[in-house]
Amino acid sequence: MILAELVKLRRSALWLVALVLPVLTVTAGALNYAGNRSMLSSGWAPFWSQVVLFYGLLFLSMGVAVLASAAWRMEHRGHNWNLLMSTPIRPAAIVGAKIAALALVVAFMQLVLLVLVAVVGRLVLGLEGMPPWEQAAVAGLAVVAATPVIAVQSLLSMSIRSFAAPVALGLLGCVAGAGVLLGGGGGVLSHLVPQALVSSALFLGNTAVADSASLDPGAVGTIVAAAGALTAAVWALSAVLLARREMR
Amino acid sequence: MNRTAVAVELRKTRRARVVPVLAVMVIAVVALSSANLFSDSMRADLSDPSAQPWEQLLLNHVVVAAMTSPVVVAVLASRQVDIEHQGQGWTLARVCGLGPGQLCRAKALVLGAVLTLAVAVQSALVAGAGLLAGVEVAFPAGMWARYTLTLALVNLVVLFLHLWLAARVDNQFVGLGVGLLGAFYAVFALLMPAWVALALPWGHYAAISPLGTGPDGGLAAVTPAYGVLVPYLSAVVVLFAVACRRFDRAEEGPA
């Protein structure tokens with residue numbers, strides 16, 4: 001099923017966004033780091049902090065919203081819903097495959113981000129050594145933290161025929177997530193709003209964000225547990241909706 | 001401008017829920033821009049002119065508007081045009097004597113008016129939040145009004161671009177992808193030299209910022225490059241008008 005979903009996405013322009021977004025992120029982060037070297041301390045940590053600042057706050061979640069709409073768009077076209085629902089596959093498996101395929105796309109984005117950070121940091125900015133393992137861990141954790149956003153956007157894109165409406169709702173989620181984090185209302189709320197969870201994960205150990213948690217087993221465990229619980233809940237809800245409602 | 005086309009577009013905005021979408025976004029932008037006004041650490045600064053409370057608030061508004069406006073405009077344009085792609089609206093309108101270009105102009109007029117109103121309300125609400133929080137420093141009305149006006153103008157130009165794009169390409173993914181990348185460009189243009197911000201229309205969300213960093217590291221009033229902005233914005237309006245005329249002359253729909 002997951003392979004079938006990836007085959008569907010093979011010729012989609014979605015990969016362009018998955019590639020361009022990290023490229024822009026690293027380019028902008030590098031320009032910002034280079035332009036403010038006198039104010040920032042030198043090294044991989046400040047560079048990484050600049051790279052993921054707005055990416056964590058808004059653009060990763062918004063990228064997921066656009067990717068999810070693109071992934072479900074093909075099912076809303078022609079008679080694809082009839083074809084899909086007449087296959088002997090359970091609704092939970094259909095939704096699960098979509099979520100898993102999108103998670104792989106996000107993992108690809110994070111991999112591109114990491115490779116570009118290493119290449120640009122070493123060759124363009126002249127940073128010494130290689131990026132510390134913590135950055136790879138945070139990038140990987142962000143994929144896990146992004147899964148609830150994928151599940152929510154997938155649910156919205158599945159239920160709403162319009163391409164743009166789920167993206168608008170995703171933007172609202174991002175604003176709510178940013179509000180939760182910037183308003184200092186962390187704690188439970190920041191683990192319940194999916195977009196805030198993505199920001200919390202990407203900001204672990206971030207030197208540019210005040211009050212960001214450090215990368216320790218406690219913080220990682222909480223994020224993974226929250227991501228798992230939220231994803232499972234939304235996945236189950238999506239499967240129930242798909243089984244009971246007629247999608248068009 | 002054909003009155004029937006405008007009236008029909010107004011009805012379509014109801015179907016596309018343009019006003020509720022904008023209302024929610026305005027509330028979200030105001031909340032995010034003014035969130036730190038009500039924090040304990042900010043409270044002492046509200047009556048201190050050297051803390052520049054109004055400037056801080058306006059800068060928050062500039063950043064949040066740059067982050068969200070490109071996506072909101074892309075969503076609105078995309079929804080308003082997708083109706084035609086989905087329901088053979090181009091053909092139906094042509095049969096009724098309305099060319100695709102006329103339809104696009106009517107969409108621009110209706111969405112432009114609603115967007116401009118939303119910007120005015122949003123800006124007034126951000127200022128209202130400052131007053132509500134108890135800022136006692138003199139309100140920089142001129143700077144605030146100039147920013148509001150230029151934000152509305154940049155929104156209009158980006159709206160024209162997205163309407164053209166949405167009409168040309170029926171896959172909404174393209175318009176929204178461009179909107180997302182545009183938002184990214186707008187935010188990072190805030191941190192880049194002015195020429196980077198002026199290079200692309202989305203960067204103008206940053207180029208219109210009336211605030212920059214002063215020699216003492218605090219916020220200082222700056223004059224946006226109106227000499228570049230105005231011709232640039234005018235050129236996009238002319239190009240949109242030309243594109244609409246071409247749509248009207250094309251045999252098929254614009255896509």
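1. Let's start with B:Gln88. In this predicted model, B:Gln88 is exposed, because there are 12 other C-beta atoms within 10 Å, and a residue counts as exposed with 12 or fewer. You will find B:Gln88 in the loop between H4 and helix H5 (89–95) of chain B. Have a look at its backbone too: the phi of B:Gln88 is near 55 degrees, a positive value in a residue other than glycine. Most residues other than glycine have a negative phi.

2. Now move back along chain B to B:Gln52, in the loop between H3 and H4. B:Gln52 has a positive phi of about 50 degrees, although it is not a glycine.

3. Next comes a leucine in a loop. B:Leu37 sits between helix H2 (18–34) and helix H3 (40–43) of chain B. B:Leu37 is buried, because 21 other C-beta atoms lie within 10 Å and 20 or more are enough for that label. Which residues does B:Leu37 touch, leaving aside its neighbours within four places in sequence? They are B:Met42, B:Leu57, B:Ala129, B:Gly130 and B:Ala133.

4. Two packed helices are described by the angle between their axes and the distance between the axes. For helix H4 (residues 53–86) and helix H6 (residues 100–133) of chain B, the angle is about 155 degrees and the axes are 11 Å apart. That makes H4(B) roughly antiparallel to H6(B), because angles over 145 degrees count that way. The crossing of these two helices, H4(B) and H6(B), is right-handed.

5. What do H4(B) and H6(B) bring to their contact? The H4(B) side includes B:Pro53, B:Leu57, B:His61 and B:Glu84, and among the H6(B) residues are B:Leu103, B:Lys107, B:Val126 and B:Gly130. Sorted by class, this contact of H4(B) with H6(B) holds nine nonpolar, three polar and two charged residues. Notice B:Leu57 and B:Gly130, which are also contacts of B:Leu37.

6. Further along chain B, look at B:Leu229 in helix H11 (residues 226–249). B:Leu229 is partly exposed, with 19 other C-beta atoms within 10 Å. Setting aside neighbours within four places in sequence, B:Leu229 is in contact with B:His204, B:Ala207 and B:Pro224. B:Leu229 and B:Tyr205 are 24 residues apart in sequence, and their C-alpha atoms are 11 Å apart in space.

7. Here is a comparison of record and model for chain B. An unreviewed UniProt entry places the feature "transmembrane region" at several spans of chain B, including residues 58–77 and 173–198. In the model, residues 58–77 of chain B are 100% helix and 0% strand, with end C-alpha atoms 27 Å apart. Residues 173–198 of chain B are 85% helix and 0% strand, and their end C-alpha atoms are 25 Å apart.

8. Residues 93–124 of chain A are 100% helix and 0% strand, with 45 Å between the end C-alpha atoms. Residues 136–156 of chain A are 100% helix and 0% strand, and their end C-alpha atoms lie 30 Å apart.

9. Chain A also has a helix pair to examine. The axes of helix H5 (residues 91–124) and helix H10 (residues 217–244) of chain A come within 8 Å and cross at roughly 130 degrees. That makes H5(A) oblique to H10(A). H5(A) passes H10(A) in a right-handed crossing. Among the residues in contact are A:Pro91, A:Ile94 and A:Gly96 of H5(A), and A:Trp235, A:Ser238 and A:Leu242 of H10(A). By class, the contact of H5(A) with H10(A) has nine nonpolar, two polar and no charged residues.

10. Finally, see how the chains meet. The contact takes 28 residues from chain A and 26 residues from chain B. On the side of chain A that touches chain B, helix H2 (14–35), helix H3 (44–76) and helix H7 (164–182) each supply at least two residues. The largest share, nine residues, comes from H7(A). The residues on this side of chain A divide into 21 nonpolar, six polar and one charged.

Technical notes
Residues numbered from 1 in each chain as written. Chains lettered and ligands numbered in written order. Predicted model: local features only at pLDDT ≥ 70, side-chain atom pairs only at ≥ 80, totals over all residues. UniProt positions renumbered as here; feature names shortened; annotations may be inferred. Helix = DSSP H or I, 4+ residues; strand = E, 2+ residues; numbered from the N terminus. Axes fitted to C-alpha atoms, helices over the stretch in contact; angles between N-to-C directions. Parallel < 35°, antiparallel > 145°, perpendicular 65-115°, else oblique. Left-handed = near helix turned anticlockwise from the far one by under 90°. Contact = placed C-beta atoms within 7 Å. Nonpolar A, V, L, I, M, F, W, Y, C, P; charged D, E, K, R; others polar.
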